[in-house]
Amino acid sequence: MSKSKTRIESLLGVFALAAISLISLANVVVRYTTEASFAFTEEFSVFFMVILTFAGGAVAARSNEHIRISFLEHKLNRTGRRVLYTLQWLGSLIVLGLVAWYGGQLAYEEYQWDSLSAGLGYPTWMYLIWLPLLSLAVMLRTTQNWRDRMRSDDEEYPA
């Protein structure tokens with residue numbers, strides 16, 4: 001699969017991983033040299049970890065590299081596999097749809113209440129808005145993968 005199909009999510013994941021690595025390294029160096037630490041590292045690390053998780057999930061969903069047990073896929077005929085693919089896709093959409101819905105509600109409520117983060121005092125909706133947005137991205141990539149799997153089913157498991 002071409003990496004260009006998930007270029008945005010791949011770049012987002014690389015950025016998030018690099019940011020986590022850099023701020024964590026900087027925090028360790030500062031802590032051991034000055035016996036103080038940066039206040040923002042934990043808050044930002046958790047934020048970037050959420051981005052990394054969902055961006056990686058979108059890439060894995062699009063490239064069909066997510067963790068799954070493919071025993072049934074290998075044992076079923078073409079029609080059975082198509083039913084299984086559709087059930088997998090629907091299950092993913094339901095779970096991710098719930099994450100997007102409730103994550104969106106949470107982000108909106110935090111925005112309405114002007115909630116601030118405990119560590120730095122930033123608006124918490126800025127961290128939470130990524131949850132529904134990236135859930136939608138994973139849903140899109142899952143749908144694209146399902147469409148591709150339905151079209152190329154004969155090539156994936158030859159008779």
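1. How to read the values. Residue numbers start from 1 along each chain as its sequence is written, and side-chain values use heavy atoms, without hydrogens or water. As the model is predicted, local features need pLDDT of at least 70 and side-chain atom pairs count only at pLDDT 80 or more, while totals for chains, interfaces and linings use all residues.

2. Helix 2 against helix 6. Among the residues making the contact are Phe47, Ile51 and Phe54 of helix 2 and Trp130, Leu134 and Ser135 of helix 6. Helices are DSSP runs of H or I with at least four residues, numbered from the N terminus.

3. Ser135. This residue lies in helix 6 and is buried, with a relative accessible area of 0% (buried means under 20%, exposed over 50%, partly exposed in between, with a 1.4 Å probe and protein chains only). Apart from neighbours within four places in sequence, Ser135 is in contact (heavy atoms within 4.5 Å) with Phe54, Leu96, Val99, Ala100 and Trp130. Its C-alpha atom is 9.4 Å from that of Val95, 40 residues away along the chain.

4. Salt bridges. The whole structure has four of them, each being a side-chain nitrogen of Lys or Arg within 4 Å of a carboxyl oxygen of Asp or Glu. One joins Glu9 and Arg141, with the closest N and O atoms 2.7 Å apart; Glu9 is in helix 1 and Arg141 in helix 6, 132 residues apart. Glu9 is buried at 7% relative accessibility, and Arg141 is buried at 11%.

5. Glu73 and Arg149 form a salt bridge with the closest N and O atoms 2.9 Å apart. Glu73 belongs to helix 3 (residues 71-75) and Arg149 to helix 6, so this pair ties together parts that are 76 residues apart in sequence. Glu73 is buried at 0%, and Arg149 is buried at 5%. Asp148 and Arg147 also meet in a salt bridge, at 3.4 Å from N to O.

6. Surface patch. Tyr108, Tyr111, Tyr122, Trp125, Met126, Ile129, Leu133 and Leu136 form a nonpolar surface patch with about 770 Å² of accessible area together. Helix 4 (78-112), helix 5 (125-128) and helix 6 (130-151) each give two or more residues to the patch. Patches take residues with over 30% relative accessible area and no salt bridge, joining like charges within 9 Å and nonpolar side chains (Val, Leu, Ile, Met, Phe, Trp, Tyr) within 5 Å; areas come from the Shrake-Rupley method with a 1.4 Å probe, and for residues only the protein chains shown count as cover.

7. Loop residues. Glu35, in the loop between helix 1 (7-34) and helix 2, has a positive phi of about 60° although it is not a glycine. Asp114, in the loop between helix 4 and helix 5, has a positive phi near 55°. Glu35 is exposed at 75% relative accessible area, and Asp114 is exposed at 60%.
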